[in-house]
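Okay, thanks for coming, everyone. I'd like to walk through a few residues today, so let me put the model up.

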Amino acid sequence: MNSKNKFIFAVSGVILVFVIWVYWVSTSPSEGAKSMVTFVTIDNLIDDYENERVRLGGRIQDGSIQISKSNLLDVHFMLDQGDESVKVHYSKTRPDLFKNGVEVIVEGVYTGGIFKADMLQTKCASRYEGDLRDESEYSMEEVEI
Amino acid sequence: MIPVAGAVSLNLSLAFAILTLFAIGFYIRYNDFRLFLTGQRLSLASSGLSVISTIILTNELILGNFDLDYVAHYTSNETPLLYKITALWAGQSGSMLFWLAILSIYAIIVVLQNRKEHHLLMPWVIIVITIVQLFFLGMTNFVTNPFEPTNADFIVMNGNGLNPLLQNPTMAIHPPMLYLGYVGFTIPFAFAIAALIKKDASSLWIKTIRRWTLVTWLFLGIGIILGGWWAYLELGWGGYWAWDPVENASFMPWLTGTAFVHSIIIQEKKNMLKIWNMILIILTFTLCIFGTFLTRSGVMSSVHSFTASGLGPLFFGFVILILIVSYSLLYVRRKHFQTEKQLESFTSRESGFLFNNVVFVVMCFAVFWGTIFPVISEAVRGTKITVGAPFFNQINIPIGLILLFLTGVGPLLAWRNTSKESLIKNFTFPLIVAFIIVGLLLALDITGNAMMTLSLSGFVFTTIVIEFWRGIRARTRKFDESIISAFIKLIQKNRSRYGGYISHLGIVLMFVGFSGHAFDIEDEWGLQIGAKETVGNYEIELDALSEEERPNHYAYIANLNIYTSGGEFVTDLHPEKRIYFHRDPNPDKRQPHSELDIYSTIVRDIYSIFTGVDPKNQVGYFKIMINPLVQWVWIGSYFLIIGTVIAMWPVKRGKNELE
């Protein structure tokens, strides 16, 4: 084998090993359950995904946040997706932006009519970049012209 | 009036950019040198006008002219001056203009610097840069214009203000650094395309862009590190890297850029890997545009907003266009860039570089795969999937370890071929060190990735120390210098080599920091005053809770005492729970913010977050994390930066000939 072919062979080998590795990590079910989670709608959740780890996105229903009196970390709220809604329970540190009407993503398991979340993110895709606040309205003093 | 001037100069800049293309195009066609001079001046004018328009927008932000929609969105009367300026890149249209401004400044520098050099390449370099400018000029003029007036039927008295999370000095530097990096790759890309068009396979232009590339690459790296640092200090989840799409967007061009920074050395020294370098720089530039697109268009926050935002399809089109045009060009020209020279042996420096390159690209692809997997999955299977940090960690840790290994091995290999004796001589001691570390760690019951990382770090660290030691010893013997002056001279005489080693040392230290992640511990609870809880080997006591009203927020301040499990006092921490806009009658408009407090040592950080407060019952809720070795990530990045600066520091003219 000449030198050039030897190297093409070696580099291809590296790439092949890598492709197998990516495929294995992408499909391996053990770790996959944790690292790749399906986004579902509330509709599907209740019908198809009970007791399965999934993600839900939606808006916190206005006035639905109930913080437990005995443990401030413990919270129940209603998550709205259009007309559908589901009760969510979460008992870890909440992000600062967590409040009524905010869009959140929760990850957890739906059992017995309650979605028990252990991960909650307030939705802000580019959280570094300043479009965190609601851009649809100005919060300013109005002055009649 | 003045905002109008901003909009007009943006229009004019666009017009001049088009004229630049015509002038240079005619020069290439008719070869009349005056046309080239005109083209250069037009390009300078176009760039200058873009910069002026950016200055005008910045001025409006400082003045608080809320007649402009952009100003009203991102500043308010209360916003401090610094953050009025940083609002320039806080929103979409402003950041597009900012991108354009940086590119324009770069363009001015390149045009002026090369007035007397690269006569064959420069016309095409200017054309490529101008086309990229045109894209952003089109964006800022027609799609997302920052000079858009406020759309309200009343006079706007005060603006929205900048998010408190972003009111942090790090946040003032992080985005510009990233942008300087993203944008800077346009220049080497432009030279590469020009070289392809002119069939210039010499290494001359590589020398010109080497420093550009290093500076740009350094900016990108600093930007990424600052982002992580800010996340660690401000966001309060205890980590510095979450593998979210926006972070990945900046990491991908850094990876291919790192490969490029290494492989142009081969082209400079050995005139090899020319096609490969072209592939890398095109890829890196494309990833920079793609990164801006991911960060700015909101594609990733919701896959559905793809068509909703006007920017998405345009950016995507531009990315595809760059890829098709550049790679077609490369394919057509491939014969001119092939080299007869071949790699001779696996144990040669050349092949070390080659494998380092392949692994960097492979890692970039892994990150890319994880980042776009949700999009592909939705398109193909119709289910939306999220890819979390565990996936990226699992996939990248082995690749990262291979890279770490190559960091140690590569520089010690000789060009062309390394003899067996030299292999034994160079690697015996580092391997012994690595095995001793493995033994020690096993005795401490530390296994897995952390063991691998730490022992490989020891291996690479030893190779670097030996290299320095050999160089110093040679000098002390030859020139009768003291060890310290030999050390300084050694670096001075061969900046790129020893600067490179110092950067590698930085990478090793960063890996040590990463390995600490395996031992993170965290816990959260509510504490009454005087109560204690345990986390790891520490006891946390809530000593006192106090309240304070400050100019723009209301603060609850905790006083936590930290003891070792033996009862020894370690430190006190004062995390705060702040409420911004606390006077707003609508509770939903008030914005809570957790101000962290961290006790840092080189062994571990104790990281405290005040998560909630119940003032009536005097209960504070806290999350405490023990994060080992995090400091080494920051210490390593200092070395990385210092090493890079040494490597790219200009050598005085004439000095080379003397040696």
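Let's start with B:R475: leaving out residues up to four places away in sequence, it touches B:D480, B:E481, B:A486, B:K489, B:L490 and B:K493, where contact means heavy atoms within 4.5 Å. Quick housekeeping: this is a predicted model, where local features need pLDDT of at least 70 and side-chain atom pairs count only at pLDDT 80 or more, while totals for chains, interfaces and linings use all residues. Residues are numbered from 1 along each chain as its sequence is written, chains are lettered from A and ligands numbered from 1 in the order in which they are written, and side-chain values use heavy atoms, with hydrogens and water left out.

Back to B:R475, which sits in helix α16 of chain B, residues 448-479; helices (H or I, at least four residues) and strands (E, at least two) are DSSP runs numbered from the N terminus. Is B:R475 buried or exposed? Buried, because its relative accessible area is 13%, and buried means under 20%, exposed over 50%, partly exposed in between, with a 1.4 Å probe and protein chains only.

Over in chain A, A:F115 belongs to strand β7, residues 114-122. That one is buried too, at 0%. Beyond its neighbours within four places in sequence, A:F115 has contacts including A:L45, A:V54, A:L56, A:V86 and A:Y110. Take A:V54: it's 61 residues from A:F115 in sequence, and their C-alphas are 9.8 Å apart.

Last one: B:I18, in helix α1 of chain B, residues 2-30. B:I18 counts as partly exposed because its relative accessibility is 38%.
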